Amino acid sequence: MNNLDFLTGLLKTIQRSQTEMRGILDFLMGSSLRITIQTQLKEFDKIETETLAIAQQRGWELKALDPFMRFMADRIIRFKLSRRNSDSRIAEIMIRNNTKDMIYTLKNLHQYRGQDSRVCILSQKLLDCATAYIRQMQRYL
């Protein structure tokens, strides 16, 4: 996996997570869980900005998450929460999704051959952010 492919994968992972978090925020009104998700969304936004900045500095053009995939991520979250949207259910969904993202990112990191130090640091930042998010969600289970 080269630099461009790896960074593109990171961007798509970040954008899918952001889409899910924004969809969940539509179900939450004034709870502490809402504040936790908003705070985490800001962290993901920062990582997305840094991802795009690295690509721009290197002259790489990243492919963003396909609009259809964004739509589907949003619809899936809304469907899962339409039947039951308790804080516990939301936390469960977010823990599962972040765990999948961490596995995907780690697998890609192990296949990554470019070894651009800034890209590696960014991927570790995303992994750390996802780990912190999972810990924060655990208290809502």
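This is a predicted model: local features need pLDDT of at least 70, side-chain atom pairs count only at pLDDT 80 or more; totals for chains, interfaces and linings use all residues.
Good morning. Three helices, α1 (3–25), α4 (87–111) and α5 (117–138), each contribute at least two residues to the lining of the largest cavity.

Rolling a probe the size of a water molecule over the atoms shows where empty space is left. With a threshold of 30 Å³ or more, the count comes to one cavity. The space in the largest cavity is about 40 Å³. Which residues line the largest cavity? They are T13, S17, F44, N98, D101, M102, T105, L126, L127 and A130. Helix α4 gives the largest share of this lining, with four residues. Sorted by class, the lining has five nonpolar residues, four polar residues and one charged residue.

I turn next to the largest pocket. About 210 Å³ of space lies within the largest pocket. Its lining consists of R16, E20, L65, M69, M72, A73, I76, I77, K80, N97 and K100. Which helices each supply at least two residues of that lining? The helices are α1, α3 (67–83) and α4. The largest share, six residues, comes from α3. By class, the lining of the largest pocket holds six nonpolar residues, one polar residue and four charged residues.

On the α1 side, the contact is made by F6, L7, L10, T13, I14 and M21, and on the α5 side by V119, L122, S123, L126 and Y133. Nine residues of this contact are nonpolar, two are polar and none is charged.

Are α2 and α5 roughly parallel or roughly antiparallel to each other? Their axes come within 11 Å and cross at roughly 175°. An angle over 145 degrees counts as roughly antiparallel, and α2 and α5 are therefore roughly antiparallel to each other. From α2, the residues in contact are L33, T36, I37, Q40, E43, F44, I47, E50, T51, I54, Q57 and R58. They meet R118, V119, L122, K125, L126, C129, Y133, Q136 and M137 of α5. This contact has 11 nonpolar, five polar and five charged residues.

The crossing of α3 and α4 is right-handed. Residues I77, K80 and L81 of α3 meet R89, I90, I93 and N97 of α4. Four residues of this contact are nonpolar, one is polar and two are charged. I77, K80 and N97 belong to this contact, and I77, K80 and N97 are also among the residues lining the largest pocket.

To close, I return to two residues that link these topics. N97 of α4 meets α3 and lines the largest pocket. Thank you for your attention.

Technical notes. Residues are numbered from 1 along each chain as its sequence is written. Side-chain values use heavy atoms; hydrogens and water are left out. On a 1 Å grid over the protein atoms alone, a cavity is a set of points where a 1.4 Å probe fits but cannot get out, and a pocket is an open set with protein on both sides within 12 Å along at least five of seven lines; lining residues have an atom within 4 Å of a point. Grid points are joined across faces, edges and corners, and a volume is the space filled by probe spheres set on the points. Ala, Val, Leu, Ile, Met, Phe, Trp, Tyr, Cys and Pro count as nonpolar, Asp, Glu, Lys and Arg as charged, and the others, Gly among them, as polar. Contact means heavy atoms within 4.5 Å. Axes are lines fitted to C-alpha atoms, for helices over the stretch in contact, and angles run from 0 to 180 degrees between N-to-C directions. Angles under 35 degrees count as roughly parallel, over 145 as roughly antiparallel, 65 to 115 as roughly perpendicular and the rest as oblique. A crossing is left-handed if the near helix is turned anticlockwise from the far one by less than a right angle, and right-handed if clockwise.
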